[in-house]
Amino acid sequence: MKFNKEYFLSNMEYFLKATNIKASILEEYAGLSKGYYSRLRKPENKSIPGIDFLLAAATSFGISVEALSTINYATCSKNEKYCLHLLDYLISKTESDDLHWKSDSLTDFINKIEIKCDEETIVDNLPSPFSIITGISDRKTYKSPFKYGVYDYQKTWGDFYSLKLDDHNTIYIVKVVLNDGEKDFFGTEIFMITDYEKKSKVCCISPELPQAYDSYINKLYNVVKSSISANTVDENAKAAIDCFIND
């Protein structure tokens, strides 16, 4: 996502007011001379802020440098701001390896949620040639009850990536296919499944409902997928190796 100075300056004014932080404090934090931000705001000044100032501002405001410089928070709805904060947090914590996601196939996912979700989320398919030949049943599939504008949820593609929030709540992200009756659209959905209220919608990319956070959903999906695909030592193997080394 490309740096946008107009958005950056708009966000600076928005967050300086929202947090009651003075620009001079950010300048001092970044090790810059007093008046740096005022000079940066002048219309004739075409330069972009240095990384030290960007980091000082983003850290103080509790958002990422990317969000500070690519999203115009002043024009976002309350829901968009909430989702941006959530996605920004999940991305940064996943990149720093503070959050550990798991991958589930469609079959694994259905086995986990069948007793928790509404009946309409698990539907029967007609037997496919593959299942008839191999004897492997693929009749059960997952279909979300949610609509996104005029688009109906058709199916998922790829694995489900899950993050356990606590003992009762798990958040999922998955690529989905939506359809408006004429054409398919490929998007990404984030939802939560709880022990109490079954399934809850969080957010989804949809052509009918473009949101400021759409690019962040895709980024989160790619970051999560990369973190799982990384060449890391399996926890069971690590435990045995640690015992061997420390013996």
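The entries below cover confidence, helix packing and strand pairing, in that order.

**Entry 1: basis and confidence**

I worked from a predicted model, in which local features need pLDDT of at least 70, side-chain atom pairs count only at pLDDT 80 or more, and totals for chains, interfaces and linings use all residues. Residues are numbered from 1 along each chain as its sequence is written, and side-chain values use heavy atoms, with hydrogens and water left out.

I looked up pLDDT, the predictor's confidence in each residue, from 0 to 100. The chain has an average of 85, and 89% of the residues score at least 70. I took helices (DSSP runs of H or I, at least four residues) and strands (DSSP runs of E, at least two residues) as numbered from the N terminus. Contact here means heavy atoms within 4.5 Å.

**Entry 2: H1 against H4**

I noted that helix H1 (residues 5-19) packs on helix H4 (residues 51-61) at about 40 degrees, with the axes 10 Å apart. Axes are lines fitted to C-alpha atoms, for helices over the stretch in contact, and angles run from 0 to 180 degrees between N-to-C directions. H1 and H4 are therefore oblique to each other; angles under 35 degrees count as roughly parallel, over 145 as roughly antiparallel, 65 to 115 as roughly perpendicular and the rest as oblique. From H1, Phe-8, Met-12, Phe-15, Leu-16 and Thr-19 meet Phe-53, Leu-54, Ala-57 and Phe-61 of H4. Ala, Val, Leu, Ile, Met, Phe, Trp, Tyr, Cys and Pro count as nonpolar, Asp, Glu, Lys and Arg as charged, and the others, Gly among them, as polar.

**Entry 3: H6 against H9**

I found helix H6 (residues 78-95) packed on helix H9 (residues 214-229) at about 20 degrees, with axes 10 Å apart. H6 and H9 are therefore roughly parallel to each other. By class, the contact of H6 with H9 has nine nonpolar, two polar and three charged residues.

**Entry 4: strands around S5**

I then asked which strands pair with S5, where pairing requires at least two bridges found by DSSP. Strand S1 (residues 102-104) pairs with strand S5 (residues 151-164) in the antiparallel sense over three bridges, and Ser-103 has Tyr-161 as its bridge partner in S5. Strand S4 (residues 147-148) is also antiparallel to S5, over two bridges, with Lys-147 opposite Asp-152. Two residues lie between S4 and S5 in their hairpin, and Gly-149 in the turn has a positive phi of about 65 degrees. Strand S6 (residues 169-179) runs antiparallel to S5 and is joined to S5 by nine bridges. Tyr-153 stands opposite Leu-178 in S6, and the hairpin from S5 to S6 passes through four residues.
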